[in-house]
Amino acid sequence: MRIFSGIQPTGRKHLGNYIGAITHYVAGQDLGESIYCVVDLHATTVAYDPAALRESSYDTAATLLAAGLEPDRCIFFRQSDVAEQTELCWLLSGVAAFGELGRMTQFKDKSASQRDLVSAGLFFYPVLMAADVLAYRSTDVPVGDDQRQHVELMRDIAQRFNARFGETLVVPEGRYPAVGARIMDLQFPERKMSTTGTSPQGTVYVLDEPDVVAKKIRSAVTDSGAEVVRAPDKPGVSNLIEILAAVRGTDLEAVEHEFDSSGYGEIGRASCRERV
Ligand code: AQP
């Protein structure tokens with residue numbers, strides 16, 4: 001097994017990144033050859049300040065090392081230091097379909113929020129992501145649910161490349177966490193917790209102090225009911241169940257069962273007590 005995943009150095013990393021990706025990077029070190037990358041070139045697809053981007057690449061690297069990446073147990077590097085990845089991106093562009101790229105949800109969402117310029121880089125983002133993974137003949141790609149569409153596209157690109165030029169690229173599998181694959185904003189639980197387009201009060205940052213984390217969890221939006229169960233009309237409570245199960249390493253049913261007679265207040269207090 002060869003694992004590859006990348007993380008953007010944009011903004012401060014949040015609980016969604018931590019639960020959906022970073023903890024799985026750390027665990028991957030025990031499962032096989034693990035390769036992780038701070039994808040600074042992906043961060044240039046939206047407006048950026050070069051000096052700030054250089055700085056946040058170091059901050060993101062420090063966050064991952066603090067979370068448990070060990071350089072003698074994995075390969076950990078910065079995307080822009082390996083020019084061959086960008087070169088492969090260009091070669092893959094010949095088998096990446098324009099129409100498919102235009103259908104990517106992330107492209108549609110992010111291009112709609114750009115005020116000055118929708119860059120061609122934003123459109124090309126998934127091809128660079130495919131090049132990152134395919135360059136290393138990776139077999140497994142641990143990512144959050146929001147990257148599912150990009151992983152499917154990279155599989156299509158690899159298959160098309162192989163069909164045209166002979167078996168060359170390894171077609172990787174996306175690995176999505178069973179619990180915590182899509183952590184939602186605590187204030188707007190119908191939106192995913194994210195670096196951009198999210199609410200500061202609804203986003204728990206990994207560098208937030210414990211009392212700030214507790215305050216954000218305590219003020220999480222729930223709904224007018226009282227039953228602690230996952231349901232489409234209970235996105236806030238469903239999200240708290242997901243977060244608590246992920247940080248405890250239990251399943252979702254165990255959390256529902258534990259709080260089935262105690263109501264929203266108690267699950268909120270229990271979440272505040274947990275340390276990730
Ligand atoms: N809310 C989330 N729940 C679970 N996993 C998540 N990831 C992101 N948000 C959630 C996963 O974190 C990894 C690294 O993400 P990234 O930094 O490369 O950027 P992203 O996917 O675009 O996520 P952000 O932080 O939310 O940024 P914006 O606001 O720019 O979209 C990925 O594996 C991702 O799936």
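An N or O atom in the side chain of Lys110 is 2.7 Å from an oxygen atom of the ligand. A polar contact here is a pair of N or O atoms within 3.5 Å. The table lists this pair with two others.

| Residue | Ligand atom | Distance |
|---|---|---|
| Lys110 | oxygen | 2.7 Å |
| Asn17 | oxygen | 3.1 Å |
| Ser194 | oxygen | 3.3 Å |

On its own the ligand has 650 Å² of accessible area, and the protein covers 96% of that (Shrake-Rupley method, 1.4 Å probe).

This is a predicted model, in which local features need pLDDT of at least 70 and side-chain atom pairs count only at pLDDT 80 or more, while totals for chains, interfaces and linings use all residues. Residues are numbered from 1 along each chain as its sequence is written, and side-chain values use heavy atoms, with hydrogens and water left out.

The ligand has 22 residues around it, of which Lys13, Lys110, Asp146, Thr195 and Thr196 come nearest (a residue is near if one of its heavy atoms lies within 4 Å). By class, the shell holds eleven polar, six nonpolar and five charged residues, with Gly counted as polar. Helix α1 (residues 15-28) supplies four residues, the largest share of the shell; helices are DSSP runs (H or I) of at least four residues, and strands (E) of at least two.

In helix α3 (residues 83-93), Gln85, Leu88, Cys89, Leu92 and Ser93 are buried (under 20% relative accessible area; exposed is over 50%; 1.4 Å probe, protein chains only). Seen down the axis of α3, these buried residues fall within an arc of 145°, so they line one face of the helix; the arc is taken from the directions from the helix axis to the C-beta atoms. On the other side of α3, Ala83, Glu84, Glu87, Trp90 and Leu91 are exposed.

Methods
Polar contact = N/O pair within 3.5 Å; in protein donor to acceptor, adjacent residues only side chain to side chain.
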